[in-house]
Amino acid sequence: MTMDDNKLTFDKITSDLTHHIRINKGFLIWMGFLTVSLLVCLYAYSLQLSTGLGVAGIRDYVTWGLYLANFVFFVAASLIGMLISAVLGLIGMKWLTPITRIAETIAVAFAAVAGLVIVSDMGRPERLAYVFLYGRPQSPILWDVTVITTYFVLSLLLLFLPMIADMAIIHRKVSTLPSWLKPVYKVLSLNFTDQPEQNKIINRAIRILLILLIPAALSIHTVTSWLFAVTSRAGWDSTVFGPYFVSGAFVAGSAAVIIAMFFFRKNYKLQDYLTDVHFNNMGKVLATVSLVYLYFNINEFLVPGYKLKRADAIHLQELFAGKDALLFWAVQIGGLLLPILFMLFRRFRKPLPIMLISVAVLIAAWFKRYLIVIPTQEHPFLPIQHVPQNFVHYSPTLIEILISIAPFILVLIIITLISKFFPVIPLHETAREKGIDHIKFD
Amino acid sequence: MRILNPTSNHPMEEHNHSHSPHESEDPKGSTRRNFLKNIGLAGVGVATGAAALYSGHIFEAKKEMSGDQKVLLTQDGKLVQVDSLEIKAMEKTGVALHEAEGREGIAGRRWVMVTDLSKCRNARKCISACQDVHQLRPEQYHMNTLQIQDSPATAPFNMPKNCQHCDNPPCVAVCPVDATYKRQDGIVLIDNVRCIGCRFCMAACPYSARIFNWIEPKDAANHVDQDYNVELNVPQKVGTVSKCLFSADRLREGKLPYCVEACPNGVYYFGDENEDAVTNGTTKETVRLSKLLRDNAGYQLLPELGTKPRVYYLPPKNRLFPFEEATEATPEKA
């Protein structure tokens, strides 16, 4: 097949996948809204900086609250890059091509922000450098810092490498760009001219990254689970916490990808590229990882529930029938059991229903982290006595909630910027799959 | 470099100007060089003048010797003679001089505490003594007395609970920055100059022994000039963890811990495991540790967790006083 035969096709693909790359009114309004919201949240954080962590609802017994639940959630959501690109990509699932960049964008955004979330939970954020200056390799926090940084760098490279070819195309073919942006694409395209050697190098690098990404991704969430599992507290003292967290992360990440797919498809008019087939398949992926997660949930609750050791019994009593029961069952039924049941049917894997299911799953995923982090601390081994009521029961403050919203806004800003200035769907790869072997650059 | 090599074709000069090769022909460039040269000369002049003034000052100061020699003890225990005019108040460092000692602990000692539950009447004198000296708010406990009932059939009792100074401390294991550490004398301390406030140690402690300074510590304004003493953990600092220290500062002076001395009911014994001797804080009676534990069926809290606590408890038997229910919450809100 020669270039001329496909000229129309290639031009059409290029314009379909890049027509959103321009600065328009909607983009500016949306970014303005995000920026103003972020500023409000940053004001709340400035209050915490000047007063201390006491502006939040956390106290001596429940010492890790929303911030840590948030951190676990962000690490979880970032794991999807590995599942989609590395695991499913390496076993050769071709239908994934248009989804890979969405998954990598989500991975990069959530991994980058996870690092910031954990800083908001520090009593002395100005001493952050101490972790590097005086770091003790025996502490799981050091492991977490190491693997999250590694994962973020790998994910960023994995986002960038397939984009090199795309940026070469954008630089030459996209006319909607403001002139000051063009040189940026030229520099980032690294003089790519679609030579076979260039493609060979890029493909090889991507393959190495994909393989490295698997252990890195498994590590980030396993190590994050160990922040809890290395303690002897009831509800955290669990040997399945690693795989329990990893499988839960795939659930949250798959849901996030489906939601992003839905909005990009609608807003960027990508119906021809993100088809019902993709939503159907992603629905199957979400159902599968949800089933795995259900399996770990059964392990996590049935085994200690069968023995009812003293501290475990109190913990499970609170979750199953006590103060946290409503939230617990809402999350387990509404965010896990019902979605699995619905997703067994093809009609619920159509774009709109699967998006709505994903929203429920994602919200439940956040509250699941809340249920993992907080209730355990409300009933330690020794009774909580002679302290004010707000030490006994945790309730987040408004300032704390605002500070916890900030990372979500940051993630939206990052995803918006990446998806606005780069093709949401890999352009060069899509063209190749449509049979265009070589792109001639003028 | 530019000042010392005024010729523009000097190789060093070429190197410095590698970014903009035309600069050497530019008249502006040469004025700048002259400018820099002048600044350089002025700088040398100022430095020479300052040096002269300074040496003059030293000479004058030397003349002011009083001849009144004081004998002082240095930090490492040497006696030295110093002219009384030479003695200056020490500059505030913000960190105690004993930082290194505070991390090592007292050689040859293995501190141990025995709490006799049969004697505790919940007088809470230990708590107030501790809170006073460690600058803590009423709801901040290094030492707290809990009301415990193990099962409906057994009698309730008062249980003073402080840091157990475990020999296998889960808190020390998880600390990312070596802010909390185990000393050779068995004490677990926290260095609030190092602590980053991640609270992993609090999450890891099964005894809920650690507290956090969520807001500015009590009367912080009164203590800003105080040097930090790691063995007393004062002044407390906002955003850092605090905990029971077994009164490491008192042990260095050969005294019993604050809580132990404050108890009116003879609850606490404190001493050195190596000497196999503990002293009761109220009666000042010294007994054999091994015999005390053996005769009274001494036990440890949550031994199944493998933390190996250095605090032992004697069972709450033969109590001759009424038990009061746990009072809820001190009114002050944090």
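This note goes through the two chains of a predicted model.

1. Ground rules. This is a predicted model, in which local features need pLDDT of at least 70, side-chain atom pairs count only at pLDDT 80 or more, and totals for chains, interfaces and linings use all residues. Residues are numbered from 1 along each chain as its sequence is written, while chains are lettered from A and ligands numbered from 1 in the order in which they are written.

2. Secondary structure. Chain A has 17 helices and 0 strands. Chain B has 9 helices and 13 strands. Both kinds of element are DSSP runs, numbered from the N terminus: helices are H or I with at least four residues, strands are E with at least two.

3. Overall size of chain A. Its C-alpha atoms fill a box of roughly 80 × 50 × 40 Å along the principal axes.

4. Burial. A residue is buried if 20 or more other C-beta atoms, placed from the backbone, lie within 10 Å of its own. In chain A, 45% of the 442 residues are buried. In chain B, the share is 37% of 334 residues.

5. Contacts. Two residues are in contact if their C-beta atoms, placed from the backbone, lie within 7 Å. Take the contacts with a separation of 6 or more. Residues 24 or more positions apart account for 84% of these in chain A and 57% in chain B.

6. A residue to look up. Find Ile258(A). Leaving out residues up to four places away in sequence, Ile258(A) touches Phe279(A), Met282(A), Leu286(A), Ile354(A), Met355(A) and Ser358(A).

Note on methods: Buried ≥ 20, exposed ≤ 12 C-beta atoms within 10 Å, placed from the backbone.
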